[in-house]
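Open the model in your viewer and keep the selection panel at hand. The tour goes from the whole chain to a single residue.

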Amino acid sequence: MPVIEAEPYEFAFEPATAALVIIDMQRDFLESGGFGESLGNDVSQLRRTIEPTRHLLEAARGAGLTVIHTREGHRPDLADLAPAKKVRGNPALKIGDPAPMGRLLVRGEPGHDIIPELYPLPGEPVIDKPGKGAFYATDLDAILKHRGIKQLIVCGVTTEVCVNTTVREANDRGFDCLVLADCTGSYFPEFQAMGLAMIKAQGGIFGWVAPSAALLAALVP
Ligand code: C5J
């Protein structure tokens, strides 16, 4: 069994029961004119995650790992959008409003789609989620259980929001999560650092953290 150098201690990687989960690498979060920028964020902060994640995705596909993508967004009729989520922060542009990449955070719009660099292959499940966590109101848990998955290798954005929420949900459901530091990103450097610190603190209370190079060494011997 390959052992990955990680914090707070080594991660015993079991490729046959592991899935790569790529969280919300959508145009709405990583490109100008989308939901992330509409909240006043500097989207360029996230772009450093693309190349290491692309490299890892290629290696995971080559090694036959289960690959799962998630997208945050809502039905075009917004029936699944909690009123509290819509008005939070009193933004000038709200979820569902027209923007340069289509209606913000709405399924089927160009901005809601995954960035071209990490586009899913046919057969790779894409989980559409209305919340921050990938388990809430989705079939992710069933898909993982049906495939016998026990470990999640987690990448994506943003570290302190959807990545942390998903890792906490997964941890409570009994999955071991390894979060890849260079493949996760935040609009705020201090939240990137603390978002990872909270996962690995207290003996790995939510999971493990490692650089993608540590996992690549096990995937591509
Ligand atoms: C946010 C996410 N930040 N994918 N969503 O609203 O982290």
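Accessible areas here come from the Shrake-Rupley method with a 1.4 Å probe, and for residues only the protein chains shown count as cover. This is a predicted model, in which local features need pLDDT of at least 70 and side-chain atom pairs count only at pLDDT 80 or more, while totals for chains, interfaces and linings use all residues. Residues are numbered from 1 along each chain as its sequence is written, and side-chain values use heavy atoms, with hydrogens and water left out.

Select the whole protein and show its surface. The accessible surface comes to about 9500 Å², and carbon and sulfur atoms hold 57% of that.

Switch to cartoon. There are 8 helices and 8 strands, assigned as DSSP runs (helices H or I, at least four residues; strands E, at least two) and numbered from the N terminus.

The trace spans about 50 × 35 × 30 Å along its principal axes. Contacts, meaning heavy atoms within 4.5 Å, can be counted between residues at least 6 apart in sequence, and 73% of these join residues at least 24 apart.

Next, select Thr158. Where does Thr158 sit? Its place is the loop between β6 (151–157) and α6 (159–172). Thr158 counts as buried because its relative accessibility is 8%.

Methods: Buried means under 20% relative accessible area, exposed over 50%, partly exposed in between (1.4 Å probe, protein chains only).
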